[in-house]
Amino acid sequence: SIFFAVDNIGQAEYMLGDPAAAERSMRTALELHKQWPTQAESDRRDEARLSTLLAMSLAREGRAAEAKQVIGAVVKFHRGLAARNHGDEWQHVEYASALYAQALADKRQRPALLKEAAALIAAVPAQMRDLHSVRLWRDRIRQELHARTAAVARGAADRVAR
């Protein structure tokens with residue numbers, strides 16, 4: 001029960017703009033989760049979800065190297081799941097969220113990662129598109145894509161102005 005509470009607190013802290021608090025909560029949630037007596041595939045997916053939010057928090061704190069380390073294993077895990085996925089549409093959303101977190105941590109690969117994440121979200125079945133959680137990830141990915149496009153445009157305008 002404590003795990004679920006800490007997980008929800010960490011998600012709320014991130015959404016309220018406090019990545020340092022979210023980082024602490026996600027680390028606590030991961031430690032609590034690792035004490036569970038089972039380690040089924042769903043447990044590994046839970047840990048991947050927690051690690052995704054941890055990596056997002058670290059990236060927002062400016063700790064990109066640490067975020068890359070955390071999210072690299074998660075993306076590798078989801079790539080493996082995706083390769084043998086036979087109809088689990090939610091895994092595509094989880095995979096897209098991991099790619100989003102990796103994009104936050106890796107400026108060089110950001111455009112490609114965000115495009116891949118956006119394509120995964122765009123491909124979810126119509127029945128899932130209006131789910132709050134799917135909309136949340138779609139909006140996060142879009143905002144980051146637009147922020148990237150705006151930054152590139154500002155950079156080009158600055159170069160022209162000089």
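Is the crossing of α3 and α5 left-handed or right-handed? The crossing of α3 and α5 is left-handed, a term used when the near helix is turned anticlockwise from the far one by less than a right angle, with clockwise giving right-handed.

## About the model

This is a predicted model, in which local features need pLDDT of at least 70 and side-chain atom pairs count only at pLDDT 80 or more, while totals for chains, interfaces and linings use all residues. Residues are numbered from 1 along each chain as its sequence is written, and side-chain values use heavy atoms, leaving out hydrogens and water.

## Helix α3 against helix α5

Helix α3 covers residues 41-60; helices here are DSSP runs of H or I with at least four residues, numbered from the N terminus. Helices α3 and α5 pack at an angle of about 25°, and their axes are 8 Å apart. Axes are lines fitted to C-alpha atoms over the stretch in contact, and angles run from 0 to 180 degrees between N-to-C directions. The two helices are therefore roughly parallel (angles under 35 degrees).

On the α3 side, the residues in contact (heavy atoms within 4.5 Å) are R45, T52, A55, M56, A59 and R60. Their partners in α5 include W90, Q91, E94 and L104. By class, this contact has nine nonpolar, three polar and three charged residues. Ala, Val, Leu, Ile, Met, Phe, Trp, Tyr, Cys and Pro count as nonpolar, Asp, Glu, Lys and Arg as charged, and the others, Gly among them, as polar.

## Helix α4 against helix α5

Helix α4 (residues 64-83) packs on α5 (residues 89-105) at an angle of about 155°, with 9 Å between the axes. That makes α4 roughly antiparallel to α5 (angles over 145 degrees). The crossing of α4 and α5 is left-handed.

## Two residues to look at

Start with Q91, which is in helix α5. Q91 is buried, with a relative accessible area of 1% (buried means under 20%, with a 1.4 Å probe and protein chains only). The side chain of Q91 makes a polar contact of 3.0 Å with the side chain of H78 and another, of 3.1 Å, with that of N85. A polar contact is a pair of N or O atoms within 3.5 Å, one able to donate a hydrogen and the other to accept it; residues adjacent in sequence count only if both atoms are side-chain atoms.

Next comes V75 in helix α4, which is buried with a relative accessible area of 4%. V75 and Y95 are 20 residues apart in sequence and 6.9 Å apart in space, C-alpha to C-alpha.

Terms used:
Angles under 35 degrees count as roughly parallel, over 145 as roughly antiparallel, 65 to 115 as roughly perpendicular and the rest as oblique. Buried means under 20% relative accessible area, exposed over 50%, partly exposed in between (1.4 Å probe, protein chains only).
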